[in-house]
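Open the model in your viewer and keep the sequence panel beside it. The tour below goes from one selection to the next and says what is there.

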Amino acid sequence: MNKTPTLELKSISKHFYQGTQKLEVLKSLDLSIKPQEIIALVGPSGSGKSTLLQISGLLERPTSGQVFLDGTDCSVANDALRTSLRRDYLGFVYQYHNLLPDFDALENVMIPQLIAGKSKKQATEKASWLLERLGLKERLKHRPAELSGGEQQRVAIARALANTPKILLADEPTGNLDPNTSDNVFLELLNIVKETGLSALIATHNMDLAAKMDREVLLKNGKLVDYRSNVKIKNDQNFY
């Protein structure tokens, strides 16, 4: 098996300024995600989970530190290469689905594949398979406004997986749903991630669902802690 981490963060720091006040959100933290490993990212609201996911997904640059995707140092990559890496390696699921309202479910999942160069036939087959796998076989031609919240989020999950990423990044992917729907959608997400052999970093407040993942890391005071052992994560310590 490939020993290269799918995602590796080294000494990541991020700060912002409010006027003259410096706000340190992330403080020289480290994280390594192995191939096919699913990690829950937990922590209080405002702790920096979204910032950490944005940096991991190359949507934001850290103040200092390095981000590696499948061994590639993205810290020195220009914007064009970062865009290419996001397209080829990453899938994103957000709390709000952000589907294109004028396109049906099938088309919403086809579009990222067409942009990546897939043929219409290939895109249709992959989109259909993903949506059917997520229980939407009868809803392929429905637009977002015709779908329930849970169905919309399933389409968003299918879209994130459409280009066969190596790692899925999810930011409270079911936080906008009622508890019962949230649990069902979340479990479907975990099942399809496991079946397709992806790595995943999933931010959640639901500790019951977090416990179903391979590992839980807690973001608190700008640092990551291995939640199950309550030990700070550092590169010179082996927790995995």
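Predicted model: local features only at pLDDT ≥ 70, side-chain atom pairs only at ≥ 80, totals over all residues.

Most residues other than glycine have a negative phi.

Next, select Leu-58. Here too phi is positive, about 65 degrees, although the residue is not a glycine. Leu-58 belongs to the loop between α1 (49-56) and β4 (64-69). Is Leu-58 buried or exposed? Its relative accessibility is 2%, so Leu-58 counts as buried.

**Helix α4**

Now select residues 120-133, which form helix α4. With 14 residues at 1.5 Å a residue, α4 should span 20 Å, and the C-alpha atoms at its ends are 20 Å apart, which agrees. Colour Ala-123, Ala-127, Ser-128, Leu-130 and Leu-131: these are the buried residues of α4. What covers these buried residues of α4? The cover includes α3 (105-115), α5 (149-161) and α6 (179-196). After α4 comes Gly-135, with a positive phi near 80 degrees.

**Helix α5**

Move to α5 and show its side chains. Its 13 residues should span 18 Å at 1.5 Å a residue, and the end C-alpha atoms lie 19 Å apart, in agreement. How many of the 13 residues of α5 are buried? Eleven are, so α5 is largely enclosed by the rest of the structure. Among the buried residues are Gly-150, Glu-151, Gln-152, Arg-154, Val-155 and Ala-160.

Two packed helices are described by the angle between their axes and the distance between the axes.

- Show α3 with α5. The two pack at an angle of about 25 degrees, and their axes are 8 Å apart. Angles under 35 degrees count as roughly parallel, and α3 and α5 are therefore roughly parallel to each other. The crossing of α3 past α5 is right-handed. On the α3 side, Ala-105, Asn-108, Val-109 and Pro-112 meet Val-155, Ala-158 and Arg-159 of α5.
- Show α5 with α6. Their axes come within 10 Å and cross at roughly 20 degrees, so α5 and α6 are roughly parallel to each other. Gly-150, Gln-153, Arg-154, Ile-157 and Leu-161 of α5 make the contact with Thr-181, Asn-184, Val-185, Glu-188, Leu-189 and Ile-192 of α6. α5 passes α6 in a right-handed crossing.
- Show α4 with α5. The axes of α4 and α5 come within 9 Å and cross at roughly 135 degrees; α4 and α5 are therefore oblique to each other. This crossing is right-handed. Lys-126, Leu-130 and Leu-131 from α4 touch Val-155, Ala-158 and Leu-161 from α5.

Select Val-109, which is found in helix α3. At 0% relative accessibility, Val-109 counts as buried. Which residues does Val-109 touch, not counting those up to four places away in sequence? They are Ala-127, Leu-130, Leu-131, Val-155, Ala-158, Arg-159 and Ala-162.

Then centre on Val-155. Leaving aside neighbours within four places in sequence, Val-155 is in contact with Leu-99, Ala-105, Asn-108, Val-109, Leu-131, Leu-136 and Leu-147.

**The nonpolar cores**

Finish by zooming out. The largest nonpolar core has 41 residues, and Val-109, Leu-131, Val-155, Leu-168 and Ile-202 touch the most other members. Two or more residues of this core come from each of β3 (38-42), α3, α4, α5, β7 (167-171), α6, β8 (199-203) and α7 (207-210). Another core lies apart from it and has 28 residues, including Val-25, Leu-53, Leu-69 and Ala-203.

Note on methods. Residues numbered from 1 in each chain as written. Heavy atoms only, no water. Helix = DSSP H or I, 4+ residues; strand = E, 2+ residues; numbered from the N terminus. Expected span 1.5 Å × (residues − 1). Buried < 20%, exposed > 50% of the residue type's maximum accessible area, 1.4 Å probe, protein only. Contact = heavy atoms within 4.5 Å. Core = buried A, V, L, I, M, F, W, Y, C linked by side-chain atoms within 4.5 Å. Axes fitted to C-alpha atoms, helices over the stretch in contact; angles between N-to-C directions. Parallel < 35°, antiparallel > 145°, perpendicular 65-115°, else oblique. Left-handed = near helix turned anticlockwise from the far one by under 90°.
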